[in-house]
Amino acid sequence: MSQSPAIEISGLVKNYGAKAALAGIDLTVERGEIFALLGPNGAGKTTTVEILEGYRKASSGRVSVLGFDPATKGSAAQKWRNQIGIVLQSTNDSADLSVIETISHFANYYEKPRDVQQVIDEVGLREKVNAKARELSGGQRRRLDVALGIIGSPQLLFLDEPTTGFDPEARRSFWELVRTLQSEGTTILLTTHYLDEAQALADRVAVINDGKIIEIATPDTLGGRNNAPAKVLWLENGSTQELFSNNPTEEVMKLSKRFDGQIPELQVLRPNLEEIYLRMIGELK
Amino acid sequence: MNGLTETLRIGLLRGGLELKQFMRQRESVVFTIFFPVILLFIFGTVFKDTIAPGVTFSQYFVAGMIASGLVNTGFQQLAITIPMERDFGTLKRLRGTPMSVASYFIGKALLVTILMILQTALLLVFGTLMFGLNMPTNPSSWITFTWLVILGSACSTVLGIAFSVVPKNGRGASAVVSPIVIILQFFSGVFFVFTSLPTWMQQFAAIFPLKWLTQGMRSVFLPADFATQEVAKNWEIGKTALVLVIWLVLGLIFAVKKFKWSQE
């Protein structure tokens, strides 16, 4: 059973009253992948993730997480929870406990916990090990959340908007941590508002809007990004010139010939993930 | 792996953690543990009357305060802190781990038990030293005292967990819960001699556990012949046990069935 995909969803529907929050989601996340779920607020990201985490029940459809239906209750569910780790959106609990107290305590919940000291080093909280949670900065607090998510050595880790409120440096070192976890074999389902984060981390991304999946692709090919015309920019006659081309290399060679080598202020731009994404969810025409 | 021992082990660990967190919040320590002692000091100092031969109001009041202590540390404390834990995401996080609900409840029960022992000890010492509270000398009173404390705090704990679904959020919890407790204290013969209350108030109070707990504690700490001063002319020990057991069972069923991990 360990060879089932990490996550398998088919025809997932969730209704709140007459309103459909999820209108038939199909999605597979392979083991070892970092998979990002993108979408505007209210698109159905959180609903999807919370169904996968066992917090909410699906109205219909099939959901399998590590070969297990998250809606199941009882001791089988407890066993399953040993294999997943959840990092929720911003939390504010255990304010009066220190980093080491909280992490050590949570280690008790799991059958095969990781080494507490090693986890503290991995999330970069060594210097704050005796600080109370209330004394931590936003970024450090988030690192504590991640520590609690990975203390049980999960096969699958859910990261819900993990870097909201981080400064750029903290974000980059957090990405390093996520990559380390992946290299250790952890599958990661990430939801994020930051397109650069998805670009930097995800093997594949799914864009979800109005409760439906619009597309699933790698960050580089999403929305036909790899085949979209590239924008070529250069300086000529004192102003910036631009053209769009499906074959930018040829354009650059032509320009190079014209300028006899060096093209002034040359740039070749592919549409970035953010532009593609905004176009997909209808924010950008 | 034995699931039951594991549940118990985690429950004990949670109890320790709960206690540690509790003790680090100075306001809650003062409010929960010392408040009854402060009340005892005020009432004991102001009301010095003798309400029956050899029985002062302060003795009557200590018995009531020990009973109310069970309601403070259990019902009131849990019904206020659990909604706060829900707001803070504590409960949601715990639910995402393999920890079982039972362990969470055991931890809470342990916290309540320890707080209750501390508070009761304080009230007993303070009541004896300052207000002439007589410690019972016969073993049967101590036996009654023991089961009243155990049954009373169990009842108070499950009702606190059950009632935690009522407050809409953590901030408003205190405003919902505290008046209920204070009114029950007034109606149940904690602040006034029960028999001096209007009959409708007595009958209303008799629905709830606090009235029975205070009466039970009076049977422990007041002279045996004071029983004739009670409404029923005796201590009604059997009926007290029955009422507490009924509330315990109802509370337990409700707590298990309706417990809310998050504010949906």
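A:Leu66 lies in the loop that links β4 (60-65) to α2 in chain A; helices (H or I, at least four residues) and strands (E, at least two) are DSSP runs, numbered from the N terminus. The model is a predicted one, in which local features need pLDDT of at least 70, side-chain atom pairs count only at pLDDT 80 or more, and totals for chains, interfaces and linings use all residues. Residues are numbered from 1 along each chain as its sequence is written, while chains are lettered from A and ligands numbered from 1 in the order in which they are written.

Phi of A:Leu66 is positive, near 55 degrees, and the residue is not a glycine. Most residues other than glycine have a negative phi. Is A:Leu66 buried or exposed? It is buried, as 20 other C-beta atoms lie within 10 Å. The cut-offs are 20 or more other C-beta atoms within 10 Å for buried and 12 or fewer for exposed, with partly exposed in between; C-beta atoms are placed from the backbone.

A:Asp260, also not a glycine, has a positive phi of about 60 degrees. A:Asp260 belongs to the loop between α8 and β12 of chain A. With 7 other C-beta atoms within 10 Å, A:Asp260 is exposed.

## Sheet β2-β1-β4 of chain A

β2, β1 and β4 of chain A form, in that order, an open sheet of 3 strands with antiparallel pairing; two strands pair if DSSP finds at least two bridges between them. β2 (19-29) and β4 are the edge strands, each pairing on one side only. Direction ignored, neighbouring strands of this sheet are turned by 25 degrees against each other on average. Axes are lines fitted to C-alpha atoms, for helices over the stretch in contact, and angles run from 0 to 180 degrees between N-to-C directions.

Strand β1 (residues 7-16) of chain A is joined to β2(A) by 8 bridges, and the two run antiparallel. A:Ile9 has A:Leu27 as its bridge partner in β2(A).

## Sheet β11-β10-β12 of chain A

Another open sheet in chain A has 3 strands in the order β11-β10-β12, again with antiparallel pairing. Its edges are β11 (239-245) and β12 (267-269), each with a single partner strand, so one side of each has no neighbour in the sheet. Contact between two residues requires C-beta atoms, placed from the backbone, within 7 Å.

β10(A) and β11(A) pair antiparallel over 7 bridges, with A:Leu233 opposite A:Glu242 in β11(A). The two strands form a hairpin with 2 residues between them, and A:Asn237 in the turn has a positive phi of about 55 degrees. On the other pairing, 3 bridges join β10 (residues 230-236) to β12(A), where A:Leu269 is the bridge partner of A:Lys231. β11(A) is hardly covered, with 0 buried among its 7 residues.

Which residues of α3(A) are buried? They are A:Val99, A:Thr102, A:Ile103, A:His105 and A:Phe106. These residues cover an arc of only 160 degrees around the axis, and therefore lie on the same side of α3(A); the arc is that of the directions from the helix axis to the C-beta atoms. They pack against α4 (116-122) and α5 (138-150) of chain A, together with α1 (3-23) of chain B.

Between the chains, 18 residues of chain A are in contact with 18 residues of chain B. On the chain A side, α2 (75-81) and α3 (99-107) each supply at least two residues. The largest share of that side, 3 residues, comes from α2(A). By class, the side of chain A that touches chain B has 6 nonpolar, 8 polar and 4 charged residues. Here Ala, Val, Leu, Ile, Met, Phe, Trp, Tyr, Cys and Pro count as nonpolar, Asp, Glu, Lys and Arg as charged, and the others, Gly among them, as polar.

## Chain B as a whole

Chain B contains 10 helices and 2 strands, in the order α-α-β-β-α-α-α-α-α-α-α-α from the N terminus. Of its 264 residues, 44% count as buried. Among contacts in chain B between residues at least 6 apart in sequence, 82% join residues at least 24 apart.

Along the principal axes, the C-alpha atoms of chain B fill a box of roughly 60 × 35 × 35 Å.
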